[in-house]
Amino acid sequence: MSSSNPIDRRSVLRIGAGASLGLTAAPFLAACGDGAPPAKAEAHDSRLLPTTTLRSDGPRPDLPGTAAGVPQGFYRYPAQTVRATTGRPLAGADPVKVVMETYSPPAAARSRNAAYQAIEKLLGGTVDVTGVPADDYPTKFSTFVAGGDLPDVFMYPESGGVDNRAAFLDATCADLTPFLAGEKVKEYPNLAAIPQSAWQTVIFGGKLYGVPIARYGTGGAGVYRHDLFARAGVTDLDQITDLDRFVELCKALTRPDKDEYAISATVGNLVAMSAGAPQSWRVDPKTGKWQHQLETPEFEQAVEVQRTLYKAGCYYPGTLGMTGTQKAKYTDLFKNGKAAYVYDGMPGYMTASTGYYDAMRAVDPSYDPRPIRPFGPKAVVWTDNVALSVTHFRKSSPERVRQLLRLADFAASPFGSTEYTLINYGVEGTDFTRDKSGNPALTGKGTLDAAVPWKFIASGTPAVFMAAGKNPVDYVHEAYAEMVPMMIADPTLGYSSPTWDSKATGSLATLAGDGIKDIISGRKPVSSYKQLTRDYLAAGGEQARNEFEEAAQQGKKATSSKGAAK
């Protein structure tokens, strides 16, 4: 993600992205208060979706994007930047209070932050931004919800939340439908560039209740050492013809006497996608029946493959038990040459200085880390990264909502624009300098100044850019060019299930993740997989299925009614 953002949704996702590692999500808050209407299953009305229009007035890319979702690629940062917004979007507005998650160290305060001051000067108003460490954010969110002290703009937690989200939003947050639905979004050109798939994540109770923090559609399948794969005889990923071949490769990559192993922490997503398993749910096109990932033979096969790999000693010792909060430990093992593969989102690969390419080449120039893609004849790619999360606005007057939308439009400015540069790099000469290729390089001051989480207020689809040069940009762009055509739809994006919304990334993810980890490690037999599936369905999976199917039927009836009315 070209905003130098190290986010892969922190791997704390719904079961499809987190089960194999056994990640634990934050606890959920109570519902929106006594007397709140019960949450309902519903089909999302496509008429609510903003009419998206990709911006074409920015810098010309070296590698073009596609309408299907392959992002633009840039080898160099623009020498001259151009405004992506006009005027002073917050001129005359009261101060805006913003609270966001952050994955960076504490930012420099406004009084000594050149970037902050320059951004407020362009905005023409005051914005008080508080960044809360990601691990602490669910608790912070709980506090301001319980106290009724919502900021003007806030990020919904990536994990955790409220039980009845639709009721919570209806009671406390601004309905953005009158401002953004259909052609209305064109008043905010940068928001209009956000893909419709991302907008699907903000529909609750038949209304648009937020602005998505858009991402690439898929987070990818992880990072591998091309040099080590080549040493083991695989110079092209097409040579990994099936999962049996992958197991053979992992065994060849594992050399305990050299303190080298095939896998650090988890390989679950890569194996499951290569087996053809769905991310979370699959819908039978003939019957309309929803089938959960755990119920599919492809995912069961993927778990058995992981167990085989673990039994063969292919995991770096101790890493299977690591959770998302220990990500730095297992990714550092990979970066320091202890493993040939690690699961992380594409953003982690591209992050300046700490990303895989930059960091690993600094350790050893022979290291050749590249994004991997699923392999084999049944391989699919999950649509698991359409948005990082959602930004909501506190319920306010129409004029105040428009002011907040102008702020979000500013934050969603595209790669290479003046606004994007200030948000991500700060003020030239103070926060960043240009390297020999003309690319921004943060100074020590810039690292702190650019840590203010403006970029999480809103974001269009990021471009692919790395100051490290042409090669890593080519690797990432090529990976997306190969993966985007392999992407399968996530059926949950078109519907709301109250049970799924409240439990998918919490109790259900923990149940499935822990159970699968027990099977992979041999603490439980393979036969326990069937019981795990039954337990998962009993704990909420079956109820979520019923709600999704109910919503799908409602959607069909609504579509039929529209057709009959024409």
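## Briefing: salt bridges, helix packing and loop residues

Ala 265 counts as buried, with a relative accessibility of 0%, where buried stands for under 20% relative accessible area, exposed for over 50% and partly exposed for what lies in between, computed with a 1.4 Å probe on protein chains only. The model is predicted, so that local features need a pLDDT of at least 70 and side-chain atom pairs count only at pLDDT 80 or more, while totals for chains, interfaces and linings use all residues. Residues are numbered from 1 along each chain as its sequence is written, and side-chain values use heavy atoms, with hydrogens and water left out. Helices (H or I, at least four residues) and strands (E, at least two) are DSSP runs numbered from the N terminus.

**Loop residues around β12**

- Ala 265 lies in the loop between β12 and α9, and its phi is near 80°, a positive value in a residue other than glycine.
- Asp 259 lies in the loop between α8 and β12, and its phi is near 60°, which is again a positive value in a residue other than glycine.
- Asp 259 counts as partly exposed, at 27% relative accessibility.
- Thr 254 is also found in the loop between α8 and β12, and with a relative accessibility of 13% this residue counts as buried.
- Leaving aside residues up to four places away in sequence, Thr 254 touches Glu 260, Tyr 261, Ala 262, Gly 313 and Cys 314, contact being defined as heavy atoms within 4.5 Å.

**Salt bridges**

- The structure holds 28 salt bridges, each being a side-chain nitrogen of Lys or Arg within 4 Å of a carboxyl oxygen of Asp or Glu.
- Lys 338 forms a salt bridge with Asp 259, and the closest N and O atoms of this pair are 3.0 Å apart.
- Lys 338 lies in the loop between α11 (327-335) and β15 (339-342), whereas Asp 259 lies in the loop between α8 (243-253) and β12 (261-264), so the pair ties together parts that are 79 residues apart in sequence.
- Lys 338 is partly exposed, with a relative accessible area of 27%.
- Asp 474 forms a salt bridge with Lys 470, with the closest N and O atoms 2.6 Å apart; the two residues are four residues apart in helix α17 (residues 470-483) and are therefore separated by about one helical turn.
- Within this pair, Asp 474 is buried at a relative accessible area of 18%, whereas Lys 470 is partly exposed at 46%.
- Asp 518 forms a salt bridge with Arg 523, the closest N and O atoms lying 2.9 Å apart; Asp 518 is buried, with a relative accessible area of 17%, while Arg 523 counts as exposed at 56% relative accessibility.
- Salt bridges that share partners also join Arg 110, Glu 120 and Asp 128 into one network.

**Helix packing**

- The axes of helix α9 (residues 268-275) and helix α10 (residues 297-311) come within 8 Å and cross at roughly 135°, where axes are lines fitted to C-alpha atoms, for helices over the stretch in contact, and angles run from 0 to 180 degrees between N-to-C directions.
- Helices α9 and α10 are therefore oblique to each other, since angles under 35 degrees count as roughly parallel, over 145 as roughly antiparallel, 65 to 115 as roughly perpendicular and the rest as oblique.
- The contact is made by Gly 268, Val 271, Ala 272 and Ala 275 of α9 together with Glu 298, Phe 299, Gln 301, Ala 302, Val 305 and Gln 306 of α10.
- By class, the contact of α9 with α10 has six nonpolar, three polar and one charged residues, with Ala, Val, Leu, Ile, Met, Phe, Trp, Tyr, Cys and Pro counted as nonpolar, Asp, Glu, Lys and Arg as charged, and the others, Gly among them, as polar.
- α11 and helix α13 (residues 356-363) pack at an angle of about 50°, with their axes 10 Å apart, which makes α11 oblique to α13.
- This contact is made by Thr 331, Phe 334 and Lys 335 of α11 and by Tyr 356, Ala 359, Met 360 and Val 363 of α13, and by class it has five nonpolar, one polar and one charged residues.

- Ile 520, placed in helix α19 (residues 507-521), counts as buried at 1% relative accessibility.
- Ile 520 and Val 305 are 215 residues apart in sequence and 8.6 Å apart in space, C-alpha to C-alpha.
- Ala 171 lies in helix α4 (residues 165-172) and counts as partly exposed at 46% relative accessibility.
- Ala 171 and Lys 395 are 224 residues apart in sequence and 8.1 Å apart in space, C-alpha to C-alpha.
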